[in-house]
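Here are my notes on this one, jotted down while going through it.

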Amino acid sequence: MTPAAPLRHDSTADHPLPLRKRMSLREKISDWSDWLNPILIKETRQVATSRAFVWTFFVLVLLCWISAVTTVLLNDPAIRYQAYGPSVMTWYGWLMTIPFVVVVPFATYRSMEIERHNATFDLLSITTIEATQIVRGKLVAMLVMALVLLSVFTPCLAFGYMLGGVDLAQTLSVPAFLMAVCLTASSVAVLLGSLPRSATASTLHSMLLLTGLLALAIVSLAIVSQLLGGSSAWYLRMLPSRPSIAVAAFLLGVTLCELAIAAAAANLTPPEVNRSSLVRKRLLLVHGTVTLAMGMTVYEFPHDRIYLLPPLWMATAFWFMMGTLLVAERPDLTARVRRELAPKAYPRVLQSWRVPGSAGGFLFAVAGMGSLTIVLMLVRWHVHTIGPIRRFPPEEFAAVAATNWLLFVGYLGTVRLSWLRIRRRFPHAGFFPALAVAAGVLILGNLVPALLAEILWPGLLESYSPLLVTIWPVTLRAAHLTVLNYRPALGTTAGDIARLYGVIGALVALVLFLNLRSLVTGLFAGAAPVAPVRQRD
Amino acid sequence: MENTVTATAAAIEVRHLSRYFGATRAVDDISFAVRQGTVFGFIGPNGAGKTTTMRILATLDHPTSGEAEVAGFSVVSDPEQIRRRVGYMPDSFGSFSYMSCREYLDFFARAYGLRRSARRDAVSRTLAFTGTEGIADKPVDTLSMGMRQRLCLGRALIHDPDVLILDEPAAGLDPRARIELRGMIRDLADQGKSILVSSHILTELADFVDDIGILERGRLRAAGPLADVRRRFGGKRVVELAVEGDSADVAVWLQNHLDTEEITCHGDHFCFICPDDSSEIESDLLSRLVAAGFRVKRFGIRESSLEDLFMDLTEGEVA
């Protein structure tokens, strides 16, 4: 076992084998796989030879076989002339749900967690593999495993289809739906698995994920039953008749998965490297599809306010959450990150949304929510020009959306300013305290004024006063009901409305100024030159 | 204390490197260089900052201040370039379950971008060099400690790097495996690779390193060629003496006739450090002992060991 062979390859050394040796099939396959992601190959090798996967595979084969035989034996001879397809397919659908919705996503999570536990991320980090490749490799390997498991069910689905009572679209919709759920849940699992944490937190995360996956499995079971039973659920009715919304929803799902992948990759990247820009680009992609989905919803349902406000509120919640995470980023930029920035100030201003740091994050979130608001207003106006509007006219919608945006800016700006102060005292604080600060600002900004108003001036909440300006729901309601039409709802007068906009406008302007000051300073003054990579070879 | 070493054609160059974790100064303003084609032994007690320094050099961590260059590239701004040129062996094995040794090396060859025959050749050469050909198809999680370390070294070598950073490669190995590993490291240095190696086993390091750096509480206590460091910080010769008869008389005689601080006595065996200017006493000592009537069984003078040097320079404190 004493080392003897020289490590360096010497092409002039003696070759014991002929130079034109015939390649084996194994070598050919190995060469062909060179263009694949190495993580995908590693994970596929590991999973395919793991006991857990082999057991799952054979148990499913056994269950499918027993199901088919039992169905025939119990229902013979009726099965020869009656349509047993829906009941048999529903059973197979349920059987598929557990591996696709629970087993595969949880295996993805464990795969990430084991890398962290065994300290093998370090080994991967010093290779030329990028963090995104690691995450994608793991995800795709698990989907390959899902496809292998799907192959177990394919004969069963064909059997169910041949029993009659279900059409081809219904038959195919079950695996398609479950694969989509599997991909989405695995993306979330991979993100959760990438979070750095202690052993206790790891156990807690595992339990939370498992609980969430089981809940998702129950919902999926219900949807599978509805898909096969010809249910009249609203979403099943809506999607075929509104293909544009279906496409927008599909794109939104894909971009959200991409965002989860980018965030997981960012978690695996050292903090000194720019791990923010990729997440921001994906966020921009999600923003684009959210805007498309919102626009399509408003366009498709112009007369019903139910479909107008909830999307706006959901988008606000999404951007507030993302905005909080963005403003929690560290403000200092390392030499590596600075090298990626535009060398001149004006291009840097234009690219500020993708520059890591809290000020750029604030600007990105504010601009994102603002552009979404403008798109929704434009779509609403466009719908108004092509058809009659029965209620919730575009002016009213625009007023509500604008007020919503102003309050968004005020709240997020306050979160950032509060967070900057806290970070000065606790420089190593992470993202979760930032989320707690955001929750605190929301509660203090909404609940405290409401309680004070009710205690000091009982009945004030019934009318609108500038005192209540920070209370998001009350202000939005006031804006919704009265802003443009000066309706006497809530006892509000035209003067109150003027004061409302005056106070909100002044507060938002102040918050914007305080926040953007650091951005401008950073963009124009912090452009220290960084040496380019040296070319040595 | 000497905190700076200059070297020509350095494969690794560290300048005023610091790494703080909150208030803890894991690495505190250290500077040293690893010359090309040499082995640099990095020694220090637990918590001295060896692993932190090595992780920074392997681009797994970031310095709080200072600069380090590996193969001519900065760890701060050009980590991607360094990763292509460095092989890193951490103190933990980091195994993948359900994978054979060959698959393990094949994976890392792919991860470093080796393709087709280059990849296959790299795997074969590495298996041969590390002596793991016989266990190539054995699962990695069933290997003995010695074989794991060999495989771990193979993984660090798979892309034929110019610089190797080995963190405690001999930890947990039996004597035979240690000797074999030492031989492999020396072979690699002879092939022109620059190696930074840390170890707790000082006697082993002394046998195959060219340069050493002694680290304690994040500070570099001494660094440079081993002989130079011995001369600058040790330079003492140790006299070992064994006599027949009453050892108490010998002890009294030595204390009366020699100007040395401490004389260690184990039975009839004496050990003491000669004063720096005592060459005359040394040459004369044996004849004076015999003349005094002592029956000398053994008499020898040796250089102070790396262990002596380490104990002299460190105080056993951690950061």
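1. Keep in mind that this is a predicted model. In chain B, four strands make up an open sheet, ordered 2-1-4-5, with antiparallel pairing. The edges go to strand 2 (24-35) and strand 5 (73-74) of chain B; each has a single partner strand, so one side of each has no neighbour in the sheet.

2. Strand 1 (residues 10-21) of chain B runs antiparallel to strand 2 of chain B, and eight bridges join the two. To get your bearings in that pairing, find B:Ala10, which sits opposite B:Arg35 of strand 2. Helix 1 (residues 50-57) of chain B packs on the sheet, where it touches strand 1, strand 2 and strand 4 (65-70) of chain B. The direction of helix 1 is at about 120° to that of strand 1.

3. Now the interface. Chain B brings 60 residues to the contact and chain A brings 43 residues. About 4900 Å² is buried between chain B and chain A, 52% of it from carbon and sulfur atoms. Look at B:Tyr98, B:Arg110 and B:Arg125: they supply 14% of the area chain B buries against chain A, more than any other three residues.

4. What about charges? There are seven salt bridges between chain B and chain A. A:Asp31 and B:Arg119 form a salt bridge, with their closest N and O atoms 3.8 Å apart.

5. Which element of chain B gives the most to the side touching chain A? Helix 4 of chain B does, with eight residues. By type, the residues on that side of chain B split into 25 nonpolar, 14 polar and 21 charged.

Definitions and conventions: Residues numbered from 1 in each chain as written. Chains lettered and ligands numbered in written order. Predicted model: local features only at pLDDT ≥ 70, side-chain atom pairs only at ≥ 80, totals over all residues. Heavy atoms only, no water. Pairing = 2+ DSSP bridges. Contact = heavy atoms within 4.5 Å. Axes fitted to C-alpha atoms, helices over the stretch in contact; angles between N-to-C directions. Buried area = accessible area lost by both parts, 1.4 Å probe. Salt bridge = Lys/Arg side-chain N within 4 Å of Asp/Glu carboxyl O. Nonpolar A, V, L, I, M, F, W, Y, C, P; charged D, E, K, R; others polar.
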